[in-house]
Amino acid sequence: MITLEKDDTIPIMDYYKVDVLTAGQLMVDDFILVDGDVVSIIDIVSLPDGYSLEIENDFGEREVIQVDEYDQFDLMMLQ
């Protein structure tokens, strides 16, 4: 059992938007907003008409998505 003292607090970590980037500006390990979820970029592959992004959500589920070169994404950071 955890006993919290009167002055003990548990900090709440949350993501906040810091920038908007095009797909060509993204880097591995960036956190971006995709379909309302914050995901981490695992891998980026350049394609003739855009990029293939391997992304991972907070549950460790991975997915590969195709994006156009000029698609924009919200860059997220932990507060």
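**Salt bridges and strands in a predicted model**

A search of the whole structure finds three salt bridges, a salt bridge being a side-chain nitrogen of Lys or Arg within 4 Å of a carboxyl oxygen of Asp or Glu. The structure is a predicted model, in which local features need pLDDT of at least 70 and side-chain atom pairs count only at pLDDT 80 or more, while totals for chains, interfaces and linings use all residues. Residues are numbered from 1 along each chain as its sequence is written, and side-chain values use heavy atoms, with hydrogens and water left out.

The strands provide the setting for these contacts. Strands of a sheet pair through backbone hydrogen bonds, either parallel or antiparallel. Here, six strands form an open sheet in the order β1-β6-β2-β3-β4-β5, with antiparallel pairing. Strands are DSSP runs (E, at least two residues) numbered from the N terminus, and two of them pair if DSSP finds at least two bridges between them. The edge strands, β1 (15–22) and β5 (62–68), each pair on one side only.

Strand β2 (residues 31–34) may be followed to its two partners. Four bridges join β2 to the antiparallel strand β3 (residues 37–47), and Val-34 stands opposite Asp-37 in β3. The hairpin of β2 and β3 has two residues between the strands, and Asp-35 takes a positive phi near 50 degrees there. With strand β6 (residues 72–78), β2 pairs in the antiparallel sense over two bridges; Met-76 of β6 is the bridge partner of Phe-31. In a regular strand the side chains alternate between the two faces of the sheet. In β2, Ile-32 and Val-34 form the covered face, whereas Phe-31 and Leu-33 form the uncovered one.

Side chains of opposite charge can pair when their charged atoms come close. The side chains of Lys-17 and Asp-74 meet in a salt bridge at 3.5 Å, N to O. This pair links distant parts of the chain, with Lys-17 in strand β1 and Asp-74 in strand β6, 57 residues apart. Asp-74 counts as partly exposed because its relative accessibility is 22%, where buried means under 20% relative accessible area, exposed over 50%, and partly exposed in between (1.4 Å probe, protein chains only).

The other contacts involve Arg-62. Its side chain meets that of Glu-54 at 3.4 Å, N to O, and Glu-56 also forms a salt bridge with Arg-62, the closest N and O atoms being 3.2 Å apart.
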